[in-house]
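Here is a short note for a colleague who is opening this structure for the first time. Please keep the sequence and the model in view while reading.

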Amino acid sequence: AGEHCVWISKGSNSSKGVGIKLFDRLSHVSDAKGTGRVLQKYCERPYLINRRKFDLRLWVLVTDWSPLTVWVYDDCMARFCA
């Protein structure tokens, strides 16, 4: 959770590894400037289900910050690695 981790920067509309950049210092992330980018910390020990990595995709809409009002779309998706 600190400065010396692996950070992943990728385009929010990209897929299949296009445009991914890795950084070993959070202070270097500014090198990946651009609009529509997602920044995430690499998980060294991810939570596994049946020894498989997975991700959950769900969509939310924030319509107000004060008071916080969040709408969650009914459909979501779970993806598992082979």
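The numbered points below go from the overall fold to single side chains.

1. Basis. This is a predicted model, in which local features need pLDDT of at least 70, side-chain atom pairs count only at pLDDT 80 or more, and totals for chains, interfaces and linings use all residues. Residues are numbered from 1 along each chain as its sequence is written, and side-chain values use heavy atoms, with hydrogens and water left out.

2. Elements. The chain has zero helices and five strands. Read from the N terminus, the order is β-β-β-β-β. Both kinds of element are DSSP runs numbered from the N terminus: helices are H or I with at least four residues, strands are E with at least two.

3. Burial and surface. The chain has 82 residues, and 10% of them count as buried. Buried means under 20% relative accessible area, exposed means over 50%, and partly exposed lies in between (1.4 Å probe, protein chains only). The accessible surface of the chain is about 7300 Å², and 56% of that belongs to carbon and sulfur atoms. These areas come from the Shrake-Rupley method with a 1.4 Å probe; for residues, only the protein chains shown count as cover.

4. Contacts. Take the contacts in the chain with a separation of 6 or more: 35% of them join residues 24 or more positions apart. A contact here means heavy atoms within 4.5 Å.

5. Salt bridges. How many salt bridges does the structure hold? There are three. The rule asks for a side-chain nitrogen of Lys or Arg within 4 Å of a carboxyl oxygen of Asp or Glu. Side chains of opposite charge can pair when their charged atoms come close. One of the bridges joins glutamate 44 and lysine 41, at 3.2 Å from N to O. Glutamate 44 is partly exposed at 47%. Lysine 41 is partly exposed too, at 27%.

6. Aspartate 55 forms a salt bridge with arginine 57, with the closest N and O atoms 3.7 Å apart. Aspartate 55 is partly exposed, at 26% relative accessible area. Arginine 57 is partly exposed at 37%. Aspartate 55 also forms a salt bridge with arginine 79, where the closest N and O atoms are 2.8 Å apart. Arginine 79 lies in strand E5 (residues 68-80) and aspartate 55 in strand E4 (residues 54-65), so this pair ties together parts that are 24 residues apart in sequence. Arginine 79 is partly exposed, at 38%. Through shared partners, the salt bridges join Asp55, Arg57 and Arg79 into one network.

7. Aromatic rings. Rings of Phe, Tyr and Trp (its six-membered ring) pair if their centres lie within 6.5 Å; planes under 30 degrees apart count as stacked, over 60 as edge-to-face, and the rest as tilted. By this rule there are two aromatic pairs. One of them is edge-to-face: tyrosine 47 and phenylalanine 54, at 6.0 Å centre to centre with 80° between the planes. Tyrosine 47 is exposed at 63%, whereas phenylalanine 54 is partly exposed at 26%. Tyr47, Phe54 and Phe80 form one aromatic cluster.

8. Cysteines. How many disulfides does a search of the whole structure find? It finds zero. A disulfide would need a pair of cysteine sulfur atoms within 2.5 Å. Cysteine 43 is partly exposed at 48%, and cysteine 81 is partly exposed at 41%.

9. Nonpolar patch. Which residues make the nonpolar surface patch of about 1100 Å²? They are Leu58, Trp59, Val60, Val62, Trp65, Leu68, Val70, Val72, Tyr73 and Met77. Patches are made of residues with over 30% relative accessible area and no salt bridge; like charges are joined within 9 Å, and nonpolar side chains (Val, Leu, Ile, Met, Phe, Trp, Tyr) within 5 Å. E4 and E5 each supply at least two residues of the nonpolar patch. Tryptophan 65 lies in strand E4 and is exposed, with a relative accessible area of 70%.

10. Aspartate 74. Is aspartate 74 buried or exposed? Aspartate 74 is exposed, at 75% relative accessible area. Aspartate 74 lies in strand E5.
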